Amino acid sequence: MAETRKHIFPSHQSRVTSTMSQYAFITGATSGIGLATAKALAEKKYDLVLAARNTEKLQQVKETIASTYGVQVTTYTLDVQKKDDIHR
């Protein structure tokens with residue numbers, strides 16, 4: 001089913017029709033606020049792109065969220081404080 005959304009700028013009167021999924025990119029996704037955010041958005045049926053430093057924990061989170069909420073989860077092991085990690 002196509003979804004119709006208003007443009008984010010109020011002065012723009014056109015509508016956008018989309019069949020694309022909504023995605024969220026979340027850093028620090030293996031614990032704390034990042035994990036809570038990932039679960040909350042997955043519950044709302046957002047597909048997720050998760051990033052964290054620990055590959056093992058990230059894989060566990062991916063499997064749990066995908067099976068619990070039925071959403072698509074893509075993961076990246078990286079440290080947002082390291083420029084080289086961001087640009088690879």
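**View 1. How much of the chain is buried.** In this predicted model, buried residues account for 25% of the 88 residues in the protein chain. If you count contacts between residues at least 6 apart in sequence, 43% of them join residues at least 24 apart.

View 2. The mean pLDDT of the protein chain is 83, with 77% of its residues at 70 or more. Among the elements, α2 has the highest mean pLDDT, at 98, while strand β2 (residues 15-18) has the lowest, at 46. Take some care around residues 4-17: the pLDDT there is below 50, and this stretch has 13 contacts in the model beyond near neighbours in sequence.

**View 3. The largest nonpolar core.** This core has 14 residues, and the ones touching the most other members are I26, A38, L48, L50 and I65. At least two core residues come from each of β3 (23-27), α1 (32-43), β4 (47-52) and α2 (55-69). As a bit of background, nonpolar side chains tend to be buried together in soluble globular proteins.

**View 4. A closer look at I65.** What does I65 touch, once residues up to four places away in sequence are left out? The partners are A38, K39, A42, L48, L50, G70, V71 and V73. Three of these names, A38, L48 and L50, already came up in the core view, listed there with I65 itself.

**View 5. T30, tucked into a loop.** Look for T30 in the loop between β3 and α1. Is T30 buried or exposed? T30 counts as buried, because its relative accessibility is 18% and the cut-off for buried is under 20%. Setting aside neighbours within four places in sequence, T30 is in contact with L35, A52, N54, K57, L58 and V61.

**View 6. K45, out in another loop.** K45 sits in the loop between α1 and β4. With 53% relative accessibility, K45 counts as exposed. The backbone is worth a glance too: phi of K45 is near 70 degrees, a positive value in a residue other than glycine.

**View 7. The largest pocket.** The space in this pocket comes to about 190 Å³. T30 is part of the lining, together with T27, G28, A29, S31, A51, A52, R53, L78, D79, V80 and Q81. What kinds of residues make up the lining of the largest pocket? They divide into 5 nonpolar, 5 polar and 2 charged.

Note on methods:
Residues numbered from 1 in each chain as written. Predicted model: local features only at pLDDT ≥ 70, side-chain atom pairs only at ≥ 80, totals over all residues. Heavy atoms only, no water. Core = buried A, V, L, I, M, F, W, Y, C linked by side-chain atoms within 4.5 Å. Buried < 20%, exposed > 50% of the residue type's maximum accessible area, 1.4 Å probe, protein only. Helix = DSSP H or I, 4+ residues; strand = E, 2+ residues; numbered from the N terminus. Contact = heavy atoms within 4.5 Å. pLDDT = per-residue confidence, 0-100. 1 Å grid on protein atoms, 1.4 Å probe; cavity = no way out; pocket = protein on both sides within 12 Å on 5 of 7 lines; lining within 4 Å. Points joined across faces, edges and corners; volume = space filled by probe spheres on them. Nonpolar A, V, L, I, M, F, W, Y, C, P; charged D, E, K, R; others polar.
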